[in-house]
Amino acid sequence: MRDHFDTLAWLAGCGAWVVSTLFTFAAISIFSLNPLWLVLPLPVPAIVVAGLYAYRLKSLPKLARQLGNLNKDERQKAFKQLMAMGKHAADVFLQVLTAPRKKEEVADWDGVAASILAVEGLGRLREKRAVPVLLRLLKTSEGEICGTVIWALGEIGDDSVVPELLPLLGSESLNGITVDALRKLGAGDLVELYKGAMSGDRTAIEAIKKHPYRKAFIAGFIRALWSREDIFVIPKAAWALSELWAIEAIPSLRAQISRWLPTEIRQACKQALDKLEMISRLPRAVSPSEIDTSTLPRPAYATEFPTENLPSPARMDELNLLETDDG
């Protein structure tokens, strides 16, 4: 709900504009007013959105609202005051991250700037409670916010976020800061594995095949396929994916072949695609959970064996009689 506030606010604004326009049109028709009255509903969406923002921001503490002030100097002043509060500021920063992340001048709110400062504050405070919030923010944001979130996760030092950060090694804009964060988290060896695979090192490929984070590595190579500035990493990523038998990369490789790329790059993607498609057509081993055991014969229970035709055991008096006869 919080992540979609901006969309909901504008939907409410558009809905209000439609309703107000219909009422204005009806009033013009009924009272024979000048059609220029139809301009009256035009500012309605902006007014409704600003009102919703103001209502939403009203629940934030004063310093939290100041953190999103349109004036940069005022934002920095509020940030310094919050940092002076020490650990007590963490709750305020977390509240800021629940607020809208758009810029709304009428409500005097810059949600992006406020979020960046809040994330920076949580990173400096090394607030572990912020980890789930930051991971969610990493998936729903982009640009400078993501870079600050990755930095903060590295500062907090919770190594459980390593598989979430590994795919970002394949991002052009976030690779450098992700490398720094992973090294701070003690995962520098994983960075070297990624680099080794991208440089054609088969030893690194074999290590990744057996690694618990194999899927996270593959996600990073797939992301690298979409590089736009350094397109020459694309063949390296395609080769790594083919060597890892990453059939989940097939749609992305197909897309690269249709892109306007140099011939040698598209050929590298085609070779990787052919190999992965061949692998995808191979029969796979059936897991025990997929075997239908309902038609297999079951073992018979002891009570189901017929015993009426079996010889009965001899009694003790019969055995004594037989010994007497023998004597």
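Modeller: Start with Glu206. Its relative accessibility is 39%, so Glu206 counts as partly exposed. Bear in mind that this is a predicted model. The side chain of Glu206 forms a salt bridge with that of Lys209, at 3.4 Å from N to O. Both residues belong to helix H12, which spans residues 202-210. About one helical turn separates Glu206 and Lys209, because they are three residues apart in that helix. Lys209 has a relative accessibility of 27%, so Lys209 is partly exposed too.

Now move to helix H16, residues 263-280, which holds both Lys270 and Asp274. These two are four residues apart, about one turn of the helix. Their side chains meet in a salt bridge at 2.9 Å, N to O. Lys270 has a relative accessible area of 40% and is partly exposed. Asp274, at 35% relative accessibility, is partly exposed as well.

Next comes the pair Glu155 and Arg126. Their side chains form a salt bridge at 3.2 Å, N to O. Glu155 is at 17%, under the 20% limit, so Glu155 counts as buried. Arg126 is at 45% and counts as partly exposed. The total for the model is eleven salt bridges.

Leaving aside residues up to four places away in sequence, Ala130 touches Leu94 and Leu122. Leu94 is 36 residues from Ala130 along the chain, yet their C-alpha atoms are separated by 7.1 Å.

Ser227 sits between helix H13 (214-224) and helix H14 (234-243). Ser227 is buried, at 3% relative accessibility. Its side chain reaches the backbone oxygen of Ala224 at 2.8 Å. Not counting residues up to four places away in sequence, Ser227 touches Gly170, Glu172, Val233, Ile234 and Arg259.

How values were computed. Residues are numbered from 1 along each chain as its sequence is written. This is a predicted model: local features need pLDDT of at least 70, side-chain atom pairs count only at pLDDT 80 or more; totals for chains, interfaces and linings use all residues. Side-chain values use heavy atoms; hydrogens and water are left out. Contact means heavy atoms within 4.5 Å. Buried means under 20% relative accessible area, exposed over 50%, partly exposed in between (1.4 Å probe, protein chains only). A polar contact is a pair of N or O atoms within 3.5 Å; within protein, one must be able to donate a hydrogen and the other to accept it, and residues adjacent in sequence count only if both atoms are side-chain atoms. A salt bridge is a side-chain nitrogen of Lys or Arg within 4 Å of a carboxyl oxygen of Asp or Glu.
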